[in-house]
Amino acid sequence: MRLLDATAARLMLLAVLSFAAADARADGSDGKYPDIGGGWARTGRGGNTASWDPTKPAGAQQAPLTPEYQAVLDASLAERAAGGQDYNPAINCLPAGMPRIMVAYDPLEIVLTPQITYVRSDHLPEIRRIYTDGRDWPPTIPPTFAGYSIGRWIADADGRYRALEVESRGMKGPRALDVNGMPLHRDNRTIVRERIFLDPADHDRLHDEITVIDHAYIKPWTVMRDYARLSDPQWVENNCAAENHYVVIKKETYFISADGQLMPTKRDQPPPDLRNFTQSAK
């Protein structure tokens, strides 16, 4: 009986050590994986950092849009300039989805395991699962806002991983690329390819080279988004359903003030139809 207990104890210890070793391999402590786990915030705040290409102004992104979708963008920019938000799916608390989640409105958290790399966002809470276990694409992909992502680690000659290459498919809409309403095709057949890697000269800087392949564009569009490592990230709950002050009535977006008053979001906006409410006499 004692021998059996000792054997069981040894087996349990081996199991614990195996899990610990797997965690070590995944978090980069053995030097094979890059040290990309933890919290990451987009570099800079305000300005163009929330635009899809942070190196270019919101109204001059030079996106290779088709004429049809350039007109969609122009209408969104005009709506935004007038104070409206009708073009923005997030105004209804819909998830940003891929690839907009990588704008990182709130800091992202990356969690590495040998089989899956997770990317978490507390902004309109979302989670990406990037499968790195060697699987192929499934026969069918149930559409989700974050899509289905398969990644593979790219190693140098010394066997150390330097980059994670990812392809994402199976997104659903409505989605936009950024807060300015940069459009994606309504057919939701977007393919997103990424190369995620640490800056060779600064391991507190993470790069994500993102290529969007979408029927709204005449060719693939590649941008670079950068993130700064957070040494002590403070995760703040962002519950849109509890905190959203926007309300959509038919095709118009209105704002609810702190004292509960319904307010317009743009100049000369028509009031909502109140035909089903009893009108008080003036």
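A: What follows goes through the salt bridges pair by pair and ends with a loop glycine.

This is a predicted model, in which local features need pLDDT of at least 70 and side-chain atom pairs count only at pLDDT 80 or more, while totals for chains, interfaces and linings use all residues. Residues are numbered from 1 along each chain as its sequence is written, and side-chain values use heavy atoms, with hydrogens and water left out.

A salt bridge here is a side-chain nitrogen of Lys or Arg within 4 Å of a carboxyl oxygen of Asp or Glu. A search of the whole structure gives 19 salt bridges. Several of the pairs below involve strands; helices (H or I, at least four residues) and strands (E, at least two) are DSSP runs, numbered from the N terminus.

Start with arginine 195 and glutamate 165, whose side chains form a salt bridge with an N to O distance of 2.6 Å. Arginine 195 belongs to strand 7 (residues 191-199) and glutamate 165 to strand 6 (residues 161-169), so this pair links distant parts of the chain, 30 residues apart. For accessibility, buried means under 20% relative accessible area, exposed means over 50%, and partly exposed is in between (1.4 Å probe, protein chains only). Arginine 195 is partly exposed at 29%, and glutamate 165 is partly exposed at 26%.

Strands 6 and 7 are also linked by glutamate 167 and arginine 193, which are 26 residues apart. In this salt bridge the closest N and O atoms are 3.0 Å apart. Glutamate 167 is buried, because its relative accessible area is 15%, whereas arginine 193 is partly exposed at 41%.

Another salt bridge joins aspartate 204 to arginine 229, with 2.7 Å between the closest N and O atoms. Aspartate 204 is in strand 8 (residues 202-213) and arginine 229 is in strand 9 (residues 221-230), so the pair ties together parts 25 residues apart in sequence. Both count as partly exposed: aspartate 204 has a relative accessibility of 45%, and arginine 229 has 21%.

Salt bridges also form a network, which links Glu79, Asp86, Glu252 and Lys266.

Glycine 159 is in the loop between strand 5 (148-155) and strand 6. With a relative accessible area of 33%, glycine 159 is partly exposed.
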